[in-house]
Amino acid sequence: MTATVERTAPVTRVRPPSRRKSRRLEPFTIASYAGVICFGLVCAIPFWMVVAGSLTAESALSQRGYSFWPTPFSLDAYTTLFQGTRVWLSYGATIFITGIGTAIAVAATSGIAWVIARGLPRVSRPLAVFAYIPMLFNGGLVPMYILITQVLQLQNSWFAVILPLVIAPFLVFVQVSFFRATPQEILDAARIDGAGELRIFFQVVLPLSKPVIAVIALFYAVTFWNEWFHALLFLSQPEKFPLQLVLQNLISSVTNAAELGTTSAAPVYQMRLAMTVITIGPILLAYPFAQRYFVKGLTLGATKG
Amino acid sequence: MILAAPAVILLLVFAYGPMAGLVVAFQDFNVADGVFASPWAGLENFRFFFTSGDATRIMRNTLLLNVLFLSATLAVGVMLALMLNEIRGKVTKRFFQSVIFVPYFVSPIVVSIFLQAFLAGPGGRGGLINDAAGLFGIPSVTWYTEPGPWPWILTLVKVWQLGGYMSVIFLAAITAIPEEVYEAGEIDGASRAQMAWRITTPLLKPTAAILLVLGVGRIFYGDFATIYAIVGDNGTLFPTTDVIDTYVFRALRTRGDFGVTAAIGLVQSVVGFVLVVIATMVQRRYAKETSIL
Amino acid sequence: MSAHHTFSRRSFLAGTGAAMTAVGIAACGNGSGNGNGSGSSTYSLLLPGDTPTDWTRVRDAVNEKLRADLGFEIEPQFINWSNFANQSLLKFTAGEDFQTSLSARWLNIAQLIEGGSLQPMDDLLASGDYGNLTAAVDESAFDANRWSDGNVYGVPAVNSAARIHCYVARGDLIDRYAGGEITSFDQLEQFWYDVHAGEGIVGYVKNNSVFDVLGAPTGTMFAEGWESPSMIPLYFSSDSLLFVPSRDAASSGVTDAVPFWEYQPYVDALRRARRYYEDGIINADRLNVDSATAGALFKSGGAATTWAITDGANTSAHLSQLEAAVPGASLVTLLPFADGMDARPNQTFQADNLVVVNAAAADAEAAMALLDWVSIQENHDLLQYGIEGTDWTPVGEDAYEPTSDYANFPGYALSWRIPLERRYSRMSESEQAWFEWSKDYNNFTQDPFAGFIPDLSAIETEHAQITAAIGEYGNPLWAGAVDVDEGLDNLKHAVEQAGLATVQEELNRQADAYLAGQ
């Protein structure tokens with residue numbers, strides 16, 4: 001019942017300030033626009049240069065450096081990269097790791113965060129410490145490696161990449177602090193209605209927490225999307241490599257003390273940039289869609305029952 | 001409580017499980033005997049780091065860089081969030097939010113490639129900054145052999161990478177502030193700037209406090225990925241950029257000894273732990289409502 | 001309202017459910033790593049670098065043949081170069097089951113031997129079961145790489161008797177600026193300056209390397225080495241401090257090794273590097289550029305020369321891309337010895353790369369059988385050049401022409417054998433001449449310390465700290481990025497603090513013992 005009220009009420013309540021804003025432009029607003037535009041440019045320009053560079057012929061790139069305009073124009077890097085199945089396979093791997101990883105991570109994180117946020121005596125505090133300790137202490141590479149490859153036998157499984165990363169203490173606390181803001185009255189009302197703890201969590205808390213879930217889902221998704229180190233450790237079949245590992249391999253493919261020649265004529269500079277575009281591209285394209293939900297979610301979250 | 005079970009199990013297996021391996025820090029680790037059977041070495045592994053003569057400098061760099069990174073990204077994050085909050089028009093706002101978030105997706109290696117383009121052109125001479133300075137008759141600087149400016153350069157890189165990310169966190173917090181809070185301000189005829197400064201900013205304290213406490217715990221950890229990708233093995237920059245993690249990485253490469261790595265990791269953890277306990281105590285005392293532990 | 005709620009709950013449950021199912025699947029569905037799908041076993045190997053293009057196709061052909069010949073298959077793991085040292089050490093450490101790996105003194109071979117991770121090979125080699133291998137690798141090559149405990153731990157993967165550091169230069173620029181030929185280091189230096197003045201490009205491009213300056217015995221900025229290629233420094237590891245032994249150590253039996261800065265030609269070379277840096281003759285980003293990027297500058301026409309080694313891969317590494325960037329460009333391999341091809345440089349014949357067998361591997365004999373199998377011409381060619389007719393065609397006696405994108409198989413980590421290597425069909429005449437020259441052991445002088453591999457276990461901590469000091473103060477010197485006097489002062493100070501005296505004494509003690517045993 002409460003939710004029905006919420007869903008109609010904000011429309012009238014949120015509006016007035018914004019209407020007022022459009023009437024009168026204050027200096028702070030102007031300064032904000034300027035500030036955001038400047039920072040936006042600083043962020044966008046290098047990215048544009050990567051795109052332009054990935055389309056510039058290798059010889060111009062290595063001798064003259066980066067420029068704003070791709071001259072002479074060249075698609076060499078992209079044609080080289082998309083030859084064969086490698087990049088496509090790695091997209092598949094990355095999408096699997098990101099999709100499944102984010103689902104597991106959000107589910108597990110929400111669960112523990114809620115129990116911490118509930119403030120249960122003798123449970124919540126120790127649990128918070130329990131979740132926080134791994135942020136400070138870790139067993140290091142060798143034990144982790146032995147655990148995954150020998151105890152759990154997860155080598156060459158994408159889950160070896162996913163599972164060590166599914167609980168980020170930082171995001172647990174982001175979520176805890178949001179859960180804590182859940183209005184007590186709503187919980188009390190639900191309890192009076194006779195709802196159990198689980199039902200409260202699923203029917204009351206989660207629907208109210210879409211914004212947090214959107215935030216942590218995005219952050220987890222980015223983590224999984226950018227993940228290469230665990231993939232390097234635990235995956236040995238090149239068909240299973242995610243995109244970022246392929247990028248890593250490409251960038252560091254010829255460096256060693258006893259350096260050896262290669263017969264391939266891949267454009268080094270250009271290819272790195274193209275690979276960057278390919279790697280960032282999809283998540284960048286997906287981001288506005290996620291963000292649409294994100295922003296909507298945030299607006300919903302702003303309403304207080 | 002059952003809701004916490006999956007997370008607790010996952011943490012037990014993947015975070016607490018490998019911690020048993022910390023014994024390596026006290027072992028004369030060797031490959032054949034492995035983790036649990038190598039002979040004991042007492043504190044020998046710790047000696048390597050603390051007698052190196054570089055220990056003070058490395059610890060100082062680690063702390064200094066982390067303080068710079070943490071304060072700069074927090075400050076810029078809050079500022080950007082306040083500014084973004086002023087932007088009206090859903091589409092415009094969303095557009096800018098997306099744009100400033102972009103650097104977060106760029107991997108450290110690519111960041112280092114950019115930075116080389118800006119600070120040193122092909123073959124290591126020129127670069128966009130020097131070219132631009134040249135137009136005004138400013139002599140060019142060989143950035144990659146001048147350790148002085150690097151803490152600031154790295155801080156700028158971090159702000160660039162994380163400013164948008166931080167601002168999203170703060171913006172989420174701003175959006176969660178109920179409208180009524182502003183109503184009083186509106187009635188008083190406060191300007192947008194006053195409201196941002198007097199009402200919004202104080203309400204961001206809990207979020208900032210959480211980020212700070214979490215950051216303090218990791219203050220002894222260098223930002224390995226970014227720093228190593230940018231500085232690499234460039235010794236001339238070590239005086240200001242060498243942090244514990246990069247030092248350990250090189251030590252592992254030359255010594256191939258996981259015992260030393262584990263020992264230094266343990267020191268980092270213990271220092272972080274102590275700092276967090278202190279920070280939490282301070283927080284409880286002065287700002288109880290923001291405490292997370 | 002309720003629809004709204006149910007949806008959330010359902011999606012949450014779906015998420016949790018998917019998560020748990022996934023964990024379940026993962027827990028059950030393992031064992032595919034060392035799978036034995038077709039009844040024969042599959043062995044893993046560690047190889048450095050990126051997976052070659054079209055690898056799956058070639059691997060399938062290799063496995064088909066291997067299955068028929070030896071009854072097993074291989075599934076190599078390719079680990080990129082920047083992670084190879086740590087990752088291979090980690091896999092050895094964790095006792096992982098793989099058969100062979102690349103190792104070397106510049107990797108972790110010392111730690112691996114000390115830890116008992118490597119299979120000693122003498123008995124296996126002496127068994128006579130691996131005739132193809134022993135026929136393809138000279139016994140003296142095994143002996144030159146004998147470890148200080150007297151055992152052979154690896155198959156030297158080399159394709160020439162000795163690999164000499166040299167240059168690959170732009171032939172078209174030599175025609176324009178150096179009258180078509182360069183025969184001495186002085187001429188080369190003049191050429192660099194002329195090209196720099198005329199074309200505005202750097203004379204020599206390379207990522208940072210100590211051996212460019214402190215040649216061993218030749219170095220690209222070490223003039224003396226081209227006059228008299230006889231100095232090979234001693235060291236515990238090549239990224240640490242280099243020591244210079246006394247010139248009459250062989251006859252006197254007293255090594256008396258001193259730090260490199262007490263050997264005047266090396267200091268001269270440092271000053272030369274500094275001058276080149278300041279004059280724009282070498283690239284200024286040596287300290288932070290990687291070899292691929294440095295190579296790309298040369299390949300795109302941005303430098304007159306770059307680093308090379310006599311491994312027969314200079315032309316193939318650079319030509320096609322250079323031609324695309326600079327029409328009419330050509331390549332020349334340059335070794336400007338004062339004595340030309342009569343030079344007899346000192347060599348230790350220690351291989352840069354060794355193929356080692358993992359002691360923890362399930363089956364050391366299978367590993368040796370594999371190393372033997374790749375020592376057969378047909379198999380060697382299949383692995384390195386791909387499927388004949390599809391990936392390459394033979395040209396003349398011993399050359400090949402690549403006809404597909406299959407390239408970059410890291411033969412130096414498994415299959416390089418001097419008698420089996422084929423020459424790239426477009427190899428430049430100069431490279432061909434020098435490559436042939438470098439295959440002949442008689443063209444080199446055996447260094448007095450040829451088989452000397454010092455054991456650093458007694459001075460590990462000091463050595464690690466000296467290495468750290470070299471990383472900080474030495475590297476900028478090799479790059480020419482700091483003033484030589486000031487840089488050397490800093491370096492000396494740091495190295496002395498780190499325990500130079502102890503390390504020097506230990507090195508001399510071991511070297512004297514080695515000389516006494518000769």
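Trainee: Is the crossing of helix 2 of chain A and helix 8 of chain B left-handed or right-handed?

Mentor: This is a predicted model. In it, the crossing of helix 2 of chain A and helix 8 of chain B is left-handed.

Trainee: Which residues make the contact?

Mentor: Helix 2 of chain A contributes A:Phe39, A:Val42, A:Cys43 and A:Pro46. From helix 8 of chain B come B:Val159, B:Trp160, B:Gly163 and B:Gly164. By class, that contact has 6 nonpolar, 2 polar and no charged residues.

Trainee: Now chain B and chain C. What area is buried between them?

Mentor: About 2,900 Å², with carbon and sulfur atoms giving 56%. The contact draws 35 residues from chain B and 37 residues from chain C.

Trainee: How many salt bridges does the rule find across this interface?

Mentor: The rule finds 1. B:Arg57 pairs with C:Glu472, and their closest N and O atoms are 2.7 Å apart.

Trainee: Which elements give two or more residues to the side of chain B that touches chain C?

Mentor: Helix 3 (44–50), helix 13 (238–241) and helix 14 (244–255) of chain B. Helix 14 of chain B gives the most, with 6 residues.

Trainee: How do the residues on that side of chain B divide by class?

Mentor: There are 13 nonpolar, 14 polar and 8 charged residues on the side of chain B that touches chain C.

Notes. Residues numbered from 1 in each chain as written. Chains lettered and ligands numbered in written order. Predicted model: local features only at pLDDT ≥ 70, side-chain atom pairs only at ≥ 80, totals over all residues. Heavy atoms only, no water. Contact = heavy atoms within 4.5 Å. Buried area = accessible area lost by both parts, 1.4 Å probe. Salt bridge = Lys/Arg side-chain N within 4 Å of Asp/Glu carboxyl O. Helix = DSSP H or I, 4+ residues; strand = E, 2+ residues; numbered from the N terminus. Nonpolar A, V, L, I, M, F, W, Y, C, P; charged D, E, K, R; others polar. Left-handed = near helix turned anticlockwise from the far one by under 90°.
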